[in-house]
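The paragraphs below lead through one model, from its overall division down to single contacts. Please keep the sequence and the structure in view while reading.

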Amino acid sequence: MAHPIVYGPASSPYVWSVRLALAEKGVVHRLVPVEFGREREEPHLSRQPFAKVPAFEHEGFNLYETQAILRYIDERFSGPALQSEDVYEWSRMNQMIGIHDAYAYPAIGARILRNRISPPLPAKNFAEEANAAALEMARHCLGEIERLMGEGPFLAGSEMSLADCMLFPLLSSFARVGEGREIFAERARLSEWLGRIDARPSVALTRPEP
Ligand SMILES: N[C@@H](CCC(=O)N[C@@H](CS)C(=O)NCC(=O)O)C(=O)O
């Protein structure tokens with residue numbers, strides 16, 4: 001079976017989510033780096049017409065949109081299931097993934113991290129009010145994620161799921177900047193979760209260079 005190909009920069013949280021899911025399934029993949037900025041040009045635009053990363057390819061099947069890629073990976077490959085059979089855990093997983101895409105990534109990824117640590121892209125000078133609103137949203141997201149995960153140990157049940165794959169890259173990057181560190185300091189259960197996922201071999205295999 002041909003190895004799947006992931007297109008995008010290793011440092012992108014969305015790219016890392018896909019690679020993390022592959023590593024959790026024990027699937028070897030090939031990363032084809034796409035430098036930031038090049039996602040707006042060919043050949044990437046033919047793979048992802050909305051000029052985002054990642055794009056994904058497996059045995060001639062092309063796919064983009066991280067949620068779809070994650071579900072493909074779990075359904076297509078053997079290895080530990082990353083979606084619970086339990087309808088409540090499965091729904092919680094989908095809810096967490098929704099929170100990531102609708103609220104957490106726009107505030108944390110596209111604003112706070114983009115402002116702080118996105119070389120080689122120049123920091124964007126967003127208006128202070130917009131930065132404050134993003135920080136407030138980040139705080140709200142982390143509070144809600146911690147509430148929904150309950151006692152854990154994972155975000156949506158007793159096993160690692162696609163929710164952990166989706167949220168870990170973004171939240172672990174956030175925990176490394178000052179604003180994130182402060183919020184995590186108030187969130188013991190979420191911090192423990194971060195440490196638990198961080199220790200997994202799949203993270204060691206896919207962690208981007210600092
Ligand atoms: N809906 C897309 C979003 C992916 C996304 O926002 N990727 C970011 C990097 S983590 C990106 O491509 N940013 C470049 C840009 O917006 O120009 C998905 O789920 O794959």
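In this predicted model, the chain falls into domain 1, residues 5-76, and domain 2, residues 87-206. Taken over C-alpha atoms, the centres of domain 1 and domain 2 are separated by 20 Å. Domain 1 brings 12 residues to the contact and domain 2 brings 16 residues.

Which elements give two or more residues to the side of domain 1 that touches domain 2? They are the helices α1 (13-25) and α3 (66-76). Of the elements on that side, α1 gives the most, with 8 residues. Sorted by class, the side of domain 1 that touches domain 2 has 7 nonpolar, 2 polar and 3 charged residues.

The next topic is the sheet. Its 4 strands run in the order β2-β1-β3-β4; the sheet is open and its pairing is mixed. The edges are formed by β2 (30-32) and β4 (61-64), and each of these has a single partner strand, so one side of each is left without a neighbour in the sheet. On average, and with direction ignored, neighbouring strands of this sheet are turned by 20° against each other. The pairing of β3 (residues 55-58) with β4 is antiparallel and runs over 4 bridges. Within this part of the sheet, Ala55 stands opposite Tyr64 in β4.

The ligand comes next. Around the ligand are the residues Ser12, Pro13, Tyr14, Glu39, Ala51, Lys52, Val53, Glu65, Thr66 and Gly109. By class, this shell comprises 4 nonpolar, 3 polar and 3 charged residues.

The last topic is a pair of helices. Two packed helices are described by the angle between their axes and the distance between the axes. For helix α6 (residues 162-174) and helix α8 (residues 188-198), the packing angle is about 105° and the axes lie 11 Å apart.

Which residues of α6 and α8 meet? On the α6 side they are Asp164, Phe168, Leu171 and Ser172, and on the α8 side they are Leu194, Ile197 and Asp198. The residues of this contact of α6 with α8 divide into 4 nonpolar, 1 polar and 2 charged.

Key: Residues are numbered from 1 along each chain as its sequence is written. This is a predicted model: local features need pLDDT of at least 70, side-chain atom pairs count only at pLDDT 80 or more; totals for chains, interfaces and linings use all residues. A residue is near a molecule or strand if its C-beta atom, placed from the backbone, lies within 6 Å of it. Ala, Val, Leu, Ile, Met, Phe, Trp, Tyr, Cys and Pro count as nonpolar, Asp, Glu, Lys and Arg as charged, and the others, Gly among them, as polar. Axes are lines fitted to C-alpha atoms, for helices over the stretch in contact, and angles run from 0 to 180 degrees between N-to-C directions. Two residues are in contact if their C-beta atoms, placed from the backbone, lie within 7 Å. Two strands pair if DSSP finds at least two bridges between them. Domain bounds come from an automatic or database domain assignment.
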